[in-house]
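Here is a short briefing to read with the model open beside you.

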Amino acid sequence: MKKKNLIIIMICLLVAVAGIVTANILIKPKDEKTPTENKVDVIKKTSVLATADSAKAAELIKENIVKITNEVKGVKVTGTGFFHESGYLVTNSHVVDLKGTIKVTYSDGTVVDATLVSNDMTSDIAILSVTDQKVLALTFGNTLSLQVTDELYAIGYPFALEGEATTTKGILSARRSAGGIEYLQTDM
């Protein structure tokens, strides 16, 4: 049975943790004080799609995600990020856990600098600040409503490949827990 809302697509962007972990990091950054230069403005969110139009949903997401590049001593680590409505950029910790030069590339090719605000290696979530957000924030879904065999999409920039973001379709294979964190296992 297909879901009426394709909000689950957005959950698969980071395939790491539920939105509540990200919200906790946004509310309480690891650093006791966030420097004023890391403050960002609240931004508008994408709309929630009420149809099963997966092609439209994939395009909406591709337009509003960014490529993250962290250059550490001449080696580039890349990943995908998306903006939370708070204005902060969410990405994976393993992309930015080593101190380097962090750049954000928008789908139109524009490149801007980013600053690490908070990093949680356990959940593999990091929060970045960018002074000029050029895309909409993605809407968080409810991972508790996902059922095994629901269709999922992974959209992002894997393995430092050049070009546009990739889109992969699969299903939720299982729900797993380890160390108090729930993981969503897919067949992708």
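In this predicted model, strand β9, which covers residues 166-178, is joined to β10 by 6 bridges. The two strands run antiparallel.

- Strands β8, β9 and β10 form an open sheet of 3 strands, in the order β8-β9-β10.
- The pairing in this sheet is antiparallel.
- At the edges you will find β8 (151-156) and β10 (181-186), each of which pairs on one side only.
- From one strand to the next, the twist averages 55°.

- Residues 54-63 make up helix α3, which lies across β8 and β9.
- Relative to β8, helix α3 runs at about 30°.

**The second largest pocket**

- The second largest pocket holds about 380 Å³ of space.
- Its lining is made up of 18 residues, and the closest to the pocket centre are K67, T105, Y157, E162 and G163.
- Three strands, β1 (65-72), β2 (75-83) and β4 (101-105), are the elements that give two or more residues to this lining.
- What is the make-up of the lining in nonpolar, polar and charged residues? The lining divides into 5 nonpolar, 6 polar and 7 charged residues.

Key. Residues are numbered from 1 along each chain as its sequence is written. This is a predicted model: local features need pLDDT of at least 70, side-chain atom pairs count only at pLDDT 80 or more; totals for chains, interfaces and linings use all residues. Side-chain values use heavy atoms; hydrogens and water are left out. Two strands pair if DSSP finds at least two bridges between them. Helices (H or I, at least four residues) and strands (E, at least two) are DSSP runs, numbered from the N terminus. Axes are lines fitted to C-alpha atoms, for helices over the stretch in contact, and angles run from 0 to 180 degrees between N-to-C directions. Contact means heavy atoms within 4.5 Å. On a 1 Å grid over the protein atoms alone, a cavity is a set of points where a 1.4 Å probe fits but cannot get out, and a pocket is an open set with protein on both sides within 12 Å along at least five of seven lines; lining residues have an atom within 4 Å of a point. Grid points are joined across faces, edges and corners, and a volume is the space filled by probe spheres set on the points. Ala, Val, Leu, Ile, Met, Phe, Trp, Tyr, Cys and Pro count as nonpolar, Asp, Glu, Lys and Arg as charged, and the others, Gly among them, as polar.
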